[in-house]
Amino acid sequence: MSDKTAITLDVNGKHYAVTIEPRRSLADVLREDCGLTGTHLGCEHGVCGACTVLVDGKPVRACLMFGVQAEGRAIRTVEGLADGETLHPLQKAFWENHGLQCGFCTPGFLMLAAGALEENPEMSEEEIRDVLSSNLCRCTGYQNIVKAVRLAADEMRTRRP
Amino acid sequence: MSGIGVSARRLEDRPLLRGEGRFAADFNAPGQLHMRVVRSPVAFGRLLGVDTEEALALPGVVAVWTASDVSELPPIDFRMTRIEGLAPYRQRVLATDYVRYVGDPVAVVFATDAYTAEDGADLVFCDIDELDPVLDPLAEPTLFMPETQPGLLSEPAVVGKGYGDIDAAFAAAHRVVELTVRVGRHSGVPLETRGALAVHDAKTDTLTMYGAAKVPHYNRDAIARMLGRDRERVQLSEGHVGGGFGIRGELYPEDVLACFAALRLGAAVKWVEDRREHLLAANHSRDQTYRLRAAVDVRGFILGLDAELFTDQGAYVRTHGGTVTDLAAGLLPGPYVIPAYRVAGHIRLTNKTPAGTYRAPGRYESTFARERLIDRIAGELGLDPVAVRRANLVPEEAMPFHRGLDTLGTHVVYDSGRYHDLLDRTLAHVDYDGERKRAAERRAAGEAVGVGLGWFVEKSGLGPKDLARITIAGDGRLEIVTGVASIGQGVETVLAQICAETLQLPIETMRVVHGQTDRIEYGMGAFASRVTVMTGSAVQIASLDLLANARAEAANMLQSATDRVSFAGGIFASPAGASVSLREVAAHLESSGRTLSGEGEFAADHMNYPYGIHIARVRVDRETGGVAVERYVVAYDIGRAVNPMLVEGQIAGACAQGIGGALFEEFVYDEGGQPLAASFADYLMPTCHEVPTVETLVREDAPSPLNPLGVKGAGEGGITAVGAAIAAAIDDALERPGLISRLPVSPARLHALINGGP
């Protein structure tokens, strides 16, 4: 299994040239080859969503995709969410509303919500719950995550021109 | 300024939100090897041999070890509740002679990368002569390891406790009420799996394990003992920890193997388990059966309680020793007077994953049992369940209430509590009568809706002691060094707020050090809701000590008498009107080579006892057996809330786990002992669809007299009575008192009950 392929990944607008085995998951490539350890692995079977990243704007389980499949796609991870020192409205809302405890699931929830809100900024609370039910959190009981995403959605709507 | 009582946002959050956390799998070292554990595929059998040849031949595989390669390592010892007779049942780091559960480590493979290590592990063949597994903890005890440990039975110990004249209680009984209940096998299941990086620095001959959690100082000492090293040559370092819940951070075989390998192989060794391994190998918990007999009078007052309980301890007795059984036996009486009590707690081994503690260990289970009993008593006597509770609650004037027995080596003395007051407040808060009435109306209209209530007493602040040191540098940066650990609950913020209360500095100037054995000589870690009570009190004492030191120096600087110098808003002032800030005092001291510092140690012989009430309203779907939790309220008196937002967060999170255990989560095994819940597709944790917005009623009615802050632990009470409240609500919804006697109430199980099944 040591046949390796050289590919270039576009992650958060930067190019990463990596030489990887075809069987390597996108999550492992991001974490081990690109050094972007903000993407977390909670189950490696596509249920918990801790590894959620955006691929061409859509939330994707990075544990269920091979790194080689991501070539030529625009990948966004939690490291690219803030604008320099300025936090993204979702990050701010999670902070203000205690939307995280241990913080392990947080990058996945942030990217899931970011992707969903970019697709539909007008989500109702029920729709937000529907989307967020795709990821698992073991600390918060979810209520502050739902609240933070709702408040961030409001904030993002008022910011739009 | 964020002192005590302020819902400050957390100091911890910024790096976690930016993807800059440092969790166990995020640590790396140059030249590191990756460790993969080969696990038993069968539940019970004689281990005849392990063939490692093919694995060793795989390019990239550096070493493969079996038990004979690590025979000098002793079994993993108990950290807590060392009960006579348990020692022979401790787990060795690699299975020796027998495998005793699916997941039992049989061999370890070390390779140059993680994928290769996993490939190598797939090539290791275990030759096992399979035996019939023991899966029922109620069955007659059998042999632990039949050929090599003759006579050693699968019941290592029975924990007996009691007080009062139980025979007289039953002789005087108006009625005897009996009940058998069972709580399924659950566990904490943190979102981060276990992991570690062990690095040996040859220059200093120091072995460091990164990825430590929960009890770093204890584990440092235990690893040093097992490896035969001075403890100064072993350090543990905690990064971010992705949830604890009791199970993460105990000393497991894999931690010891990684450390041992870093020494023997001369390279850093990294180990990160996958989720399947986690569900097979990290501690399970719960899984208790209770047989209760209560002697009651006409009011439903319990004259005596005779109890027998069985803990399915799994394959071996791990670090917790008899903790779960001991706590269950010691705290089963809960908030009630119960003048006579006798309990026998059977620790039973089976061929399942070994068990330890999980948030509210022994209380989630015993609360379910006791509250089901109260409901049964009410049902049999035709009384209102709330009235029966009221008749049994320990009255305020009986506080401090000496239970008359011990648990975790401490006397059970309820330090303070206003139980009747909290009951009245909570019923009013939720409009209990209105809830009952509306549920009855909806039932009359054809829905299956019900309301249930569960009472609990928690315990927190386990000693023996904790230490904190605070320093302020000349530039104003404040550092609090503790021996505590963070498992994601907000330790840094809470300790900073306690410090800010005294020193009146912004918490953003503070850095809280935890989980670093090289920074402080001892620390008891994070478990048993002890952090805010024990370490918080130590920080309070250290803050006062620092303030006194600063005041003396400020008096010199202000040319005034120490007792005439005032302190407000972080500034010392003399009667003459001259002033100097805490920071200026620190800078002044630093300029003369000294440091402004304070130290505090807090010791406690007794735990304290927060308490509360859970109320649930549920709707049952008679067709599917599904249960929807419509409303959930937790009332919890924790004495004093340092950060109410974080307290509410603890309650809501714990409650969600409780709902998981009440309705969905269970480690199920087939008749061969194969685990059927080895992925998140089968071990069903609730999502945000299954968890309602939990309403909290946080009270500060009965501060603890046992510590300077008056605080009691807030980490566990959100889970303790969930099973009890939901079971009562389902009974009510279906108008079938006593229907629910087993958790989880899965749809299949409830569907069968609705249709007349067992």
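How are helix 16 of chain B and helix 18 of chain B oriented to each other, parallel or oblique? The model examined here is predicted, so local features need pLDDT of at least 70 and side-chain atom pairs pLDDT 80 or more, while totals for chains, interfaces and linings use all residues. Residues are numbered from 1 along each chain as written, with chains lettered from A and ligands numbered from 1 in written order.

The axes of helix 16 (residues 644–663) and helix 18 (residues 722–734) of chain B, as lines fitted to C-alpha atoms over the stretch in contact, come within 8 Å and cross at roughly 55°. The two helices of chain B are therefore oblique to each other; angles (0 to 180 degrees between N-to-C directions) count as roughly parallel under 35 degrees, roughly antiparallel over 145, roughly perpendicular from 65 to 115 and oblique otherwise. Helix 16 of chain B contributes Cys655(B), Gly658(B), Ile659(B), Gly661(B), Ala662(B) and Leu663(B) to the contact, and helix 18 of chain B contributes Val722(B), Gly723(B) and Ile726(B), where contact means C-beta atoms, placed from the backbone, within 7 Å.

Turning to the whole chain, chain B has 19 helices and 29 strands, which are DSSP runs (H or I, at least four residues; E, at least two) numbered from the N terminus. Its C-alpha atoms fill a box of roughly 80 × 70 × 50 Å along the principal axes. Among contacts in chain B with a separation of 6 or more, 82% join residues 24 or more positions apart.

Between the chains, the contact takes 43 residues from chain A and 43 residues from chain B. Helix 2 of chain A gives the most to its side, with 4 residues.

Definitions and conventions. Two residues are in contact if their C-beta atoms, placed from the backbone, lie within 7 Å.
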